[in-house]
Amino acid sequence: MAGPVAPEEQRFCLQEVLDTFKLCLSENEEVSLEHYVAGWRGLVKFLNSLGSVFGFISKDAVNKIKILVGHLDGENGPKYVTVQSMVKYELASDLVDLTKRGNHPESGCRTLLRLHRALRWLELFLERLRTSSEDSKTSVMCAESYNESLAQHHPWLVRKAAGMAFCVLPGRPAFFEVMNVGPPEQVVAMLGEALPLISEVYQVTETLYAQHNLLDLP
Ligand SMILES: CCCCCCCC/C=C\CCCCCCCC(=O)N[C@@H](COP(=O)(O)O)[C@H](O)/C=C/CCCCCCCCCCCCC
(Lines give C-alpha, C1' and ligand atoms only; values in the text may rest on other atoms or scores of the structure.)
Protein backbone atom coordinates (compact mmCIF):
# COMPACT_ATOMS: atom_id res chain seq x y z
CA MET A 1 0.00 0.00 0.00
CA ALA A 2 1.80 3.14 1.19
CA GLY A 3 5.39 3.84 0.09
CA PRO A 4 8.20 5.25 2.26
CA VAL A 5 7.25 7.31 5.33
CA ALA A 6 6.10 10.79 4.27
CA PRO A 7 7.69 13.90 5.75
CA GLU A 8 5.65 15.44 8.59
CA GLU A 9 4.12 18.27 6.50
CA GLN A 10 2.83 15.74 3.95
CA ARG A 11 1.41 13.36 6.55
CA PHE A 12 -2.35 13.22 6.86
CA CYS A 13 -3.99 14.05 10.17
CA LEU A 14 -7.76 13.85 10.55
CA GLN A 15 -7.69 16.44 13.35
CA GLU A 16 -6.16 18.96 10.96
CA VAL A 17 -8.93 18.40 8.41
CA LEU A 18 -11.52 18.67 11.17
CA ASP A 19 -10.02 22.00 12.24
CA THR A 20 -10.11 23.44 8.71
CA PHE A 21 -13.75 22.45 8.21
CA LYS A 22 -14.54 24.07 11.58
CA LEU A 23 -13.03 27.30 10.29
CA CYS A 24 -14.90 27.07 7.00
CA LEU A 25 -18.27 28.41 8.11
CA SER A 26 -18.65 31.88 9.55
CA GLU A 27 -21.43 32.86 11.98
CA ASN A 28 -23.53 34.16 9.11
CA GLU A 29 -23.08 30.85 7.26
CA GLU A 30 -20.62 32.09 4.66
CA VAL A 31 -18.12 29.50 3.44
CA SER A 32 -14.50 30.64 3.55
CA LEU A 33 -12.81 29.64 0.30
CA GLU A 34 -9.37 29.66 1.88
CA HIS A 35 -10.39 27.12 4.53
CA TYR A 36 -12.42 25.06 2.06
CA VAL A 37 -9.32 24.70 -0.09
CA ALA A 38 -7.20 23.93 2.99
CA GLY A 39 -9.63 21.14 3.91
CA TRP A 40 -9.19 19.59 0.46
CA ARG A 41 -5.41 19.95 0.68
CA GLY A 42 -5.52 17.91 3.87
CA LEU A 43 -7.67 15.24 2.25
CA VAL A 44 -5.35 15.01 -0.74
CA LYS A 45 -2.52 14.20 1.69
CA PHE A 46 -4.54 11.20 2.76
CA LEU A 47 -5.12 10.13 -0.81
CA ASN A 48 -1.41 10.46 -1.61
CA SER A 49 -0.52 8.22 1.28
CA LEU A 50 -2.63 5.44 -0.27
CA GLY A 51 -0.24 5.04 -3.20
CA SER A 52 0.16 5.87 -6.87
CA VAL A 53 -3.02 4.06 -7.97
CA PHE A 54 -4.88 7.09 -6.69
CA GLY A 55 -2.55 9.49 -8.54
CA PHE A 56 -5.07 10.36 -11.27
CA ILE A 57 -7.68 11.31 -8.66
CA SER A 58 -5.21 13.28 -6.58
CA LYS A 59 -3.95 15.10 -9.69
CA ASP A 60 -7.45 16.24 -10.61
CA ALA A 61 -8.16 17.42 -7.06
CA VAL A 62 -4.82 19.28 -6.92
CA ASN A 63 -5.54 20.96 -10.27
CA LYS A 64 -8.84 22.20 -8.99
CA ILE A 65 -7.30 23.39 -5.75
CA LYS A 66 -4.67 25.28 -7.77
CA ILE A 67 -7.32 27.00 -9.88
CA LEU A 68 -9.13 28.20 -6.77
CA VAL A 69 -5.88 29.33 -5.11
CA GLY A 70 -5.07 31.20 -8.34
CA HIS A 71 -8.35 33.13 -7.97
CA LEU A 72 -7.74 33.76 -4.27
CA ASP A 73 -4.23 35.08 -4.92
CA GLY A 74 -5.15 36.95 -8.08
CA GLU A 75 -5.90 40.64 -8.53
CA ASN A 76 -9.56 40.02 -7.69
CA GLY A 77 -8.68 37.96 -4.63
CA PRO A 78 -10.94 39.96 -2.27
CA LYS A 79 -13.96 38.86 -4.35
CA TYR A 80 -13.07 35.24 -3.62
CA VAL A 81 -12.95 35.40 0.17
CA THR A 82 -16.16 33.42 0.53
CA VAL A 83 -18.03 31.08 -1.80
CA GLN A 84 -20.96 33.51 -1.57
CA SER A 85 -18.87 36.50 -2.68
CA MET A 86 -17.27 34.43 -5.46
CA VAL A 87 -20.67 33.43 -6.87
CA LYS A 88 -21.92 37.00 -6.69
CA TYR A 89 -18.82 38.43 -8.36
CA GLU A 90 -18.43 35.85 -11.12
CA LEU A 91 -22.12 35.93 -12.07
CA ALA A 92 -22.29 39.73 -12.06
CA SER A 93 -19.13 39.91 -14.21
CA ASP A 94 -20.18 37.19 -16.68
CA LEU A 95 -17.26 35.01 -15.72
CA VAL A 96 -19.12 31.69 -15.69
CA ASP A 97 -19.94 29.39 -18.62
CA LEU A 98 -23.53 28.61 -17.76
CA THR A 99 -24.71 26.24 -20.48
CA LYS A 100 -21.67 25.03 -22.40
CA ARG A 101 -17.93 25.27 -21.97
CA GLY A 102 -16.63 28.47 -23.50
CA ASN A 103 -14.45 31.35 -22.43
CA HIS A 104 -14.37 30.53 -18.73
CA PRO A 105 -13.36 26.88 -18.33
CA GLU A 106 -11.65 27.70 -15.04
CA SER A 107 -14.28 29.79 -13.34
CA GLY A 108 -14.31 29.52 -9.56
CA CYS A 109 -17.99 28.48 -9.67
CA ARG A 110 -17.53 25.43 -11.95
CA THR A 111 -14.27 24.42 -10.29
CA LEU A 112 -15.73 24.54 -6.81
CA LEU A 113 -18.80 22.64 -8.01
CA ARG A 114 -16.58 19.63 -8.82
CA LEU A 115 -15.13 19.63 -5.31
CA HIS A 116 -18.56 20.25 -3.87
CA ARG A 117 -19.87 17.08 -5.52
CA ALA A 118 -16.86 15.23 -4.15
CA LEU A 119 -17.69 16.57 -0.69
CA ARG A 120 -21.01 14.72 -0.89
CA TRP A 121 -19.09 11.54 -1.68
CA LEU A 122 -16.88 12.22 1.34
CA GLU A 123 -19.89 12.77 3.61
CA LEU A 124 -21.47 9.47 2.53
CA PHE A 125 -18.19 7.59 2.80
CA LEU A 126 -17.27 8.92 6.24
CA GLU A 127 -20.75 8.10 7.56
CA ARG A 128 -20.33 4.51 6.32
CA LEU A 129 -16.86 4.33 7.87
CA ARG A 130 -18.14 5.72 11.17
CA THR A 131 -20.91 3.15 11.45
CA SER A 132 -18.94 0.22 9.99
CA SER A 133 -17.78 -2.89 11.79
CA GLU A 134 -14.18 -4.08 12.00
CA ASP A 135 -14.54 -6.44 9.04
CA SER A 136 -16.39 -4.02 6.75
CA LYS A 137 -14.68 -3.45 3.42
CA THR A 138 -13.52 0.11 2.72
CA SER A 139 -13.62 -0.65 -1.02
CA VAL A 140 -17.34 -1.48 -0.84
CA MET A 141 -18.15 1.54 1.34
CA CYS A 142 -16.19 3.77 -1.02
CA ALA A 143 -17.82 2.36 -4.17
CA GLU A 144 -21.34 2.62 -2.72
CA SER A 145 -20.77 6.23 -1.70
CA TYR A 146 -19.28 7.03 -5.10
CA ASN A 147 -22.18 5.44 -6.99
CA GLU A 148 -24.67 7.47 -4.95
CA SER A 149 -22.93 10.76 -5.66
CA LEU A 150 -19.98 11.61 -7.89
CA ALA A 151 -20.42 8.72 -10.32
CA GLN A 152 -23.58 10.35 -11.64
CA HIS A 153 -21.42 13.18 -12.99
CA HIS A 154 -18.61 11.05 -14.44
CA PRO A 155 -18.31 9.38 -17.84
CA TRP A 156 -17.94 5.61 -18.15
CA LEU A 157 -14.13 5.65 -18.40
CA VAL A 158 -13.67 7.67 -15.20
CA ARG A 159 -16.18 5.47 -13.37
CA LYS A 160 -14.29 2.38 -14.51
CA ALA A 161 -10.90 3.76 -13.43
CA ALA A 162 -12.29 4.90 -10.08
CA GLY A 163 -13.88 1.48 -9.50
CA MET A 164 -10.57 -0.24 -10.16
CA ALA A 165 -8.72 2.07 -7.77
CA PHE A 166 -11.25 1.41 -4.98
CA CYS A 167 -10.43 -2.30 -5.18
CA VAL A 168 -6.93 -1.71 -3.83
CA LEU A 169 -8.03 0.36 -0.83
CA PRO A 170 -6.55 -1.00 2.40
CA GLY A 171 -8.78 -2.71 4.93
CA ARG A 172 -10.50 -0.75 7.67
CA PRO A 173 -7.77 -1.21 10.33
CA ALA A 174 -4.97 0.04 8.04
CA PHE A 175 -7.23 2.79 6.77
CA PHE A 176 -7.91 3.99 10.33
CA GLU A 177 -4.19 3.94 11.06
CA VAL A 178 -3.40 6.33 8.20
CA MET A 179 -5.80 8.82 9.80
CA ASN A 180 -3.25 9.38 12.58
CA VAL A 181 -5.84 9.70 15.33
CA GLY A 182 -5.33 6.75 17.68
CA PRO A 183 -7.37 3.62 18.42
CA PRO A 184 -10.46 2.87 16.30
CA GLU A 185 -12.88 4.19 18.98
CA GLN A 186 -11.14 7.54 18.80
CA VAL A 187 -11.30 7.57 14.99
CA VAL A 188 -15.03 6.83 15.18
CA ALA A 189 -15.52 9.64 17.72
CA MET A 190 -13.60 12.09 15.57
CA LEU A 191 -15.57 11.11 12.49
CA GLY A 192 -18.70 11.82 14.53
CA GLU A 193 -17.36 15.30 15.20
CA ALA A 194 -16.23 15.94 11.61
CA LEU A 195 -19.38 14.78 9.84
CA PRO A 196 -21.83 17.49 10.97
CA LEU A 197 -19.29 20.15 9.97
CA ILE A 198 -18.77 18.65 6.53
CA SER A 199 -22.54 18.19 6.08
CA GLU A 200 -23.20 21.80 6.98
CA VAL A 201 -20.60 23.15 4.57
CA TYR A 202 -22.08 20.88 1.90
CA GLN A 203 -25.66 21.99 2.58
CA VAL A 204 -24.89 25.71 2.64
CA THR A 205 -23.04 25.42 -0.69
CA GLU A 206 -25.75 23.22 -2.21
CA THR A 207 -28.47 25.74 -1.28
CA LEU A 208 -26.43 28.65 -2.63
CA TYR A 209 -25.74 26.87 -5.93
CA ALA A 210 -29.39 25.78 -6.24
CA GLN A 211 -30.58 29.36 -5.67
CA HIS A 212 -28.42 30.53 -8.55
CA ASN A 213 -29.06 27.53 -10.83
CA LEU A 214 -25.42 26.54 -10.77
CA LEU A 215 -25.71 22.85 -9.97
CA ASP A 216 -25.20 21.70 -13.58
CA LEU A 217 -22.38 23.96 -14.71
CA PRO A 218 -20.57 22.40 -17.70
C1 LIG B 1 -11.06 11.47 6.51
C2 LIG B 1 -10.24 10.54 5.79
C3 LIG B 1 -10.88 9.51 4.96
C4 LIG B 1 -11.26 9.89 3.62
C5 LIG B 1 -10.19 10.59 2.89
C6 LIG B 1 -10.55 10.75 1.50
C7 LIG B 1 -9.55 11.51 0.77
C8 LIG B 1 -10.04 11.89 -0.55
C9 LIG B 1 -9.28 12.96 -1.13
C10 LIG B 1 -9.57 13.48 -2.28
C11 LIG B 1 -10.78 13.03 -3.03
C12 LIG B 1 -10.66 13.35 -4.42
C13 LIG B 1 -11.64 14.31 -4.90
C14 LIG B 1 -11.76 14.17 -6.36
C15 LIG B 1 -12.40 15.34 -6.98
C16 LIG B 1 -12.97 14.94 -8.27
C17 LIG B 1 -13.58 16.10 -8.98
C18 LIG B 1 -14.19 15.59 -10.26
O19 LIG B 1 -15.29 15.09 -10.25
N20 LIG B 1 -13.48 15.72 -11.38
C21 LIG B 1 -13.92 15.16 -12.65
C22 LIG B 1 -14.62 16.23 -13.47
O23 LIG B 1 -13.78 17.33 -13.64
P24 LIG B 1 -13.84 18.18 -14.99
O25 LIG B 1 -13.34 17.29 -16.08
O26 LIG B 1 -15.27 18.55 -15.19
O27 LIG B 1 -12.93 19.36 -14.75
C28 LIG B 1 -12.73 14.58 -13.38
O29 LIG B 1 -13.12 14.06 -14.60
C30 LIG B 1 -12.16 13.55 -12.46
C31 LIG B 1 -11.17 12.82 -12.69
C32 LIG B 1 -10.56 11.94 -11.63
C33 LIG B 1 -11.42 10.84 -11.09
C34 LIG B 1 -12.23 11.22 -9.90
C35 LIG B 1 -12.75 10.02 -9.16
C36 LIG B 1 -13.21 10.46 -7.82
C37 LIG B 1 -13.34 9.36 -6.86
C38 LIG B 1 -13.51 9.93 -5.49
C39 LIG B 1 -13.12 8.97 -4.47
C40 LIG B 1 -11.69 9.06 -4.05
C41 LIG B 1 -11.23 7.78 -3.40
C42 LIG B 1 -10.49 8.00 -2.19
C43 LIG B 1 -10.27 6.79 -1.43
C44 LIG B 1 -10.22 6.99 0.03
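**View 1. Helix H5 and the shell around the ligand in the predicted model.** In total, 21 residues surround the ligand. The closest of them are Leu-43, Leu-47, Asp-60, Arg-114 and Ala-118. Two or more shell residues come from each of helix H2 (33–48), helix H3 (55–73), helix H5 (108–130), helix H6 (138–148) and helix H7 (156–167).

**View 2. Residue classes in the shell around the ligand.** Of the residues in the shell, 18 are nonpolar and three are charged. No polar residue is part of the shell.

**View 3. The crossing of helices H3 and H5.** The axes of H3 and H5 come within 10 Å and cross at roughly 140°. An angle over 145 degrees would count as roughly antiparallel; H3 and H5 are therefore oblique to each other. The crossing in which H3 passes H5 is left-handed.

**View 4. Residues in contact between H3 and H5.** On the H3 side, the contact is made by Lys-64, Ile-67, Leu-68 and His-71. These meet Gly-108, Thr-111, Leu-112, Arg-114 and Leu-115 of H5. The contact of H3 with H5 has four nonpolar, three polar and two charged residues. Arg-114 of H5, listed in this contact, is also one of the residues closest to the ligand.

**View 5. The annotated region, residues 31–180.** An unreviewed UniProt entry annotates residues 31–180 as "domain: Glycolipid transfer protein". Over this stretch the chain is 65% helix and 0% strand. The end C-alpha atoms of residues 31–180 are 27 Å apart.

Technical notes. Residues are numbered from 1 along each chain as its sequence is written. This is a predicted model: local features need pLDDT of at least 70, side-chain atom pairs count only at pLDDT 80 or more; totals for chains, interfaces and linings use all residues. A residue is near a molecule or strand if its C-beta atom, placed from the backbone, lies within 6 Å of it. Helices (H or I, at least four residues) and strands (E, at least two) are DSSP runs, numbered from the N terminus. Ala, Val, Leu, Ile, Met, Phe, Trp, Tyr, Cys and Pro count as nonpolar, Asp, Glu, Lys and Arg as charged, and the others, Gly among them, as polar. UniProt positions are given in the numbering used here, feature names are shortened, and annotations may be inferred rather than shown by experiment. Axes are lines fitted to C-alpha atoms, for helices over the stretch in contact, and angles run from 0 to 180 degrees between N-to-C directions. Angles under 35 degrees count as roughly parallel, over 145 as roughly antiparallel, 65 to 115 as roughly perpendicular and the rest as oblique. A crossing is left-handed if the near helix is turned anticlockwise from the far one by less than a right angle, and right-handed if clockwise. Two residues are in contact if their C-beta atoms, placed from the backbone, lie within 7 Å.
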